[in-house]
Structures are given as structure tokens and as C-alpha cells.
Amino acid sequence: MVDNDKKIAHRMYLFAVVIFIMAVAVVVKMTNIQLVEGDYYRKLAKERTVKRFVIPANKGNIYSVDGSLLATSIPNYDIRFDAVAPKQEDFDKNLGALAQSLSEMFGKSAAHYENALTRARDHKNRYFLIAKGLSYTEYMRVKGFPLFNKGPYKGGFIMDQKTVREYPIGQVALRTIGYDRIGGDGKRISKGIEAAFANYLNGTDGKILKQKIAKGQWKPIRDENEVEPHDGYDVISTIDVYIQDIAHHALLKQLQEYQADHGCVVVMETKTGEIRAISNLGRAKDSTYYETVNYAVAESHEPGSTFKLLDMLALLDDKRADTSDVYNRHGGEMQYSGGHRVKDSHYSGAEPSVSLARGFEISSNTVLVQAVYNHYRKDPETFVNRINRYGLDKPLGLPFEGEGKPIIPQPGDARWSAISLPWMAFGYGVSVTPLQTLSIYNAVANNGEMVKPLFVREIKEWNKTIKKFDKQVICPKIASDATLKKVRAVLENVVKKGTGKALYSPNFSMAGKTGTAQVDYYKGEGKLYYASSFVGYFPADNPKYSCIVVVHKPSTAKGYYGADVAGPVFKRIAQKIFTDSPSMNEVRNLKQRNPLQDKNFERYDAQVVSGRKTIPNLKGMAGMDAVALLENLGMKVRVIGVGKVRKQSLNPGESIQKNTTITLELS
């Protein structure tokens, strides 16, 4: 019996020791958690219940040079209700008025909203959906409804903001304006101006503190943001919407008519290099055309006869030949450098021998090859160095990704051979982008000054210029005045009596050069297609614009020569610009003003003087006038759309507080 009692006692002692050790372990662990690892676990708990969320900054707009919107961000708002947040007294007092307000705005009955809100309260729903996809004006209206006007903590008002990027002119110039979106693989895709000037457009995101509530949802802890977002700057492009529309539709019409694979057109202002229009269209499987690749920037290919302008500039400026020198065309075909042949595309025998100028006008390969080969075969470096001096041996350095790389064979390198020089004379064995070709022709029109193509004029914050992009000179003088005068004459004669004579019009003058190049489209299969081009400027006597048109793979059954395929696009653009442009004649009686507009301005100017400032009624006022008026009142203005004011985010008569921002929706 005694032994049994001892055994029981030993077991109790052992059990007590185990319990004591476990208790000590718990105390040690709790002490460790509290003192040693306490900060870590407190931080972890906070991260799982309270979290900072990013508030995306409003992205800046992209405008055309004439003030039209090319890209803008439209904020969309989802409104939700934390039915647990309001006190019962506040909920009961405001329920009817809130339901009536929601009914008037969204169309459903007041009873529907009253029942829905009551159910949300009964079920302790902390994220009840009220409405989705509201505009800024609609959001501000809902925010002012009874109960909601008490904010998220006392009124249960929850707002989720999303921003949608819209392009008011649709697919026109889309590849140059660009886009910023998430692809199917989840990766961000940015192109064009949107990508190149993202640092200015995107702004700086803000931050807001949110608390985790039921079902993994989050709501703001307080009304104010921890860090306010800073909106992006606006980008003023060089695009002119009027000219862009002309160029786009002229190119589209020709691509459809000739069933071409793709093409591009660029219109550049001669003196500044500012790009007034750029269209890049490629054919889809359903035979429709879309902006898919920026061919004008990215596609480097053999230019064909448009490269012959380099021949004339070199020969005349180096005084190796003159426009009056006569060359035998050898029946339209000749051999050079070990049996290699060169042919003229059109040879009827009517002009067996022609001058250098006439050879250029009719785009004679035999004439230009003889002139270049005879005068430069002993020192090809002189010819090639001129091309290098114009910068054609390297990319233009445009702000866009994927600019095409030019190829200009250099004497002594691996690409150079016995046929390099004669091939270069008629635009083969070299590779340049359409914009590089245009830059040379634009320089001829611009009295020899070669300027870099410019796509953006300035960066602005409202009416303040942040950065201005001025003209950039690539080459101050590509040739002497005497050479330029002769070259301009033969370019004008190309249209009057050369390969482009079908484009001639007595109503307006043009100058330029046709080009037709064979391109190895199916590499390795020996199949060829044609690239048809026309590049020049207008008016010929006082150039204002230069333009290039390139059409790839037109149907050979319909035609493929540059004068037939690309030339009409050039003519249509020049004709439309100079026959449909608004008159710039002097406007008389400028003192005649709109009396109502004057009255509005006088009224609010008086407010500025008196120091008593209230929000004006802007409905129906022209957008630019409204902006000027509001800025005089010291307000910040955000504009959505173009035209006249349709809606304003702040009600007329309200007092203007410091740093007040108002959003105007224009029709």
C-alpha cells in the first residue's frame, strides 16, 4: 500500500514538474513575443488590417498644336456604403432623404434604395455598392447627398477611383500619339508620345491609409490623403488635327484602291521641322487598315529613286558635273563594274541622250549612275562623306523606341564592293527611314538648313510652360545657294514635265521626286514586291510644308510606280490644304464683342478687385473663355473635352477657397 502511494506521489511530482516546465516555456515565449519579437508581430498585425494604398495621379493630356484633345484621362468613380459606420440616430434621420436623392439621380424608386440600405445595415455590410462608373461631376453630386456628406467615418461614404485613358480622334495617328496599357500577358505596353514623355505625363501618385474590413475589402480610415497626388503635365504636340485628317484619309483611300500591304505619310512644316501629320496604316486579315506599326519611324528600307537627290546635291556642290551636261542613255540599258547591268524603267527611244537635269526629271538610272560612277569611282569617300555629313548614316535620334537603323555602305568596310557606288546612285544597297528621306527634301525647301523632325512643341502645367522644344538643326547648310537653286528647279520640273507630270496642277505648285524600289519581301524565296514613294514640298516657290508618301506592296495588277500610287496621295494633301484652308485675311471691326461675355468678365473682374470671389455660372461659355475667367479668379482648372461648358464640378455662387480646383466638362 505504501509503495502504491509512493508511486502515485512520484507521478504527481513528475506531472507537476512537466506542468511547471510548460508554464515556464509559455512565460518565456510570451516574454519573447512581447519584448523581443513584439515590434515584428505588431507590424504584421497592422499590415494585415491597415495598409497604404496608392492614389494614381491624374495623367496629363496630349493636345494637338491647334488645341484639340488627342489623349485624355477620364476618371471613373465607384460609390460604396459602409452601413456599419453611421450612428443609428444619423442613419434613421437621413435614410429617407438619401434614398430620395439616389432615386432622383439613378432612376430607381426611393423605396428600393431605402430597403436596400436598411438590409445592408441589418447584415452589417461594410462595402455595399451604390453606383459604378460615375463621372467626376456625378461623384461630387453623390458625395453631397444626406448622410454621405458626413464622410467615410460618420457617413459610411466610400469612393473607389479608376482612370480610363481615351483618344478623342480614335485610330487617327494612334501609333504616334501612342498608348499605355496592360497587355494580355500582364506586362505594360507603352508606345509613341505616351511612352516617350511618360515622365511628364504620369505625374506623382499619392497615398491613402485604408483599413481592412469584412470579406477582404478595404475602406479609407479618414477623409484626407496621407500624400496628395500631383497631376501630370500636359504635352502639346505638333500635330494639326485638320492636316492629320486629310493625310490619314488620303493614304487610306490609296491603300484600299491598290490593295497595298501598308504605307505611311508624313507632313512636316518646312522651317521648324514640326510634324503636322503622320499616318501609318497596315492591312489586317480582314483587309481593313489600322495603325499598327510606326512605319515612318521604324521601317528602314531601300528608297529607290528618291535617293537620287543625293546624287544631284553631291555632283553640283562638288562641281563634278552640271545640270547641262549631256549623257548617252545607251538604249535605256548599260553595263558597269564587271558586267552588272542597270536599266531605265521607261525608255521609248525618244530621248536617247539627255542632260543631267533631264535625266533626273525622268528618273533615268543610266544617266545618274554614269554621272556618279564616272566622277566618284576613284574617291567614293567624297560621295559617301557627304551622305554622312547629312546624318543619314545614323538614326535621327527621335524620342520613340524602335527607330529604324540606316545602312550606308562605307568604303573599306565589309559591305563595300565594286557595285556599291553605282547601286547607291539609284537608291539600292542603302537603307533609310521615310523620315530621313523627308528631312533631306525638307532641307532643300528650307534654303539648305536640315532640321530634325519634331513631334512635341512644349510641356505645360495649365497655362505655365514647363519645357519648350525648339527647332534642332542637323546640318546648317547642306549645299550652296547656287546648288540649291538648280536642285529646286529640277524638282519642280519633275512635276511639270517629268515622271510626276500627271500630278501637275496650274492652281498650286508642287516640287518633288517619284520613287519605285524593288524590295525583297520573301527573303530566301527570291520573290520581290514594290515600294512606291513620292517626296517633295509645296508650294514650290515658297515652301511651307514638305511631305513623303510610301506605299508598300501595292497590287502589281493595278500599278506600282511611285507617280501612280504614292503621288496622288501627295497631291490630294497639298490640294486640300491650300483649297480648304480657312482664309487668313485681315479681320476688321475687332472691337465688336459679345455684350453678355463682356458683362460676365466685368462682373468677375470686379470680384477680383473687391476680394469677394464666388464660383461663376459657366454653362454655355466657350471652354477657352471659361478657363481665362477662372484663372483670373485664382482657380486651377481641369478641362475634359472640347467646345462649350456643359457641366462644372463646383456650383455657381459657392465661395472660392485657396487652391480651389474646378473641373469643366465641355461638349
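Which residues line the second largest cavity? The lining consists of Thr 306, Phe 307, Leu 310, Leu 392, Val 432, Thr 437, Ile 440 and Tyr 441.

## Basis of the model

This is a predicted model, in which local features need pLDDT of at least 70 and side-chain atom pairs count only at pLDDT 80 or more, while totals for chains, interfaces and linings use all residues. Residues are numbered from 1 along each chain as its sequence is written, and side-chain values use heavy atoms, with hydrogens and water left out.

## Cavities

A cavity is a set of points, on a 1 Å grid over the protein atoms alone, where a 1.4 Å probe fits but cannot get out; lining residues have an atom within 4 Å of a point. The count is two cavities of 30 Å³ or more. A volume is the space filled by probe spheres set on the points, which are joined across faces, edges and corners.

The largest cavity has a volume of about 80 Å³. Of its 13 lining residues, His 301, Pro 303, Thr 306, Thr 437 and Val 550 lie nearest its centre. The second largest cavity has a volume of about 50 Å³, and α17 gives the largest share of its lining, three residues. Helices (H or I, at least four residues) are DSSP runs, numbered from the N terminus.

## A helix contact

Helix α12 (residues 308–317) also meets helix α18 (residues 481–497). In this contact (heavy atoms within 4.5 Å), Leu 309, Met 312, Leu 313, Leu 316 and Asp 317 of α12 face a set in α18 including Thr 483, Leu 484 and Lys 486.

Methods:
On a 1 Å grid over the protein atoms alone, a cavity is a set of points where a 1.4 Å probe fits but cannot get out, and a pocket is an open set with protein on both sides within 12 Å along at least five of seven lines; lining residues have an atom within 4 Å of a point. Helices (H or I, at least four residues) and strands (E, at least two) are DSSP runs, numbered from the N terminus. Axes are lines fitted to C-alpha atoms, for helices over the stretch in contact, and angles run from 0 to 180 degrees between N-to-C directions.
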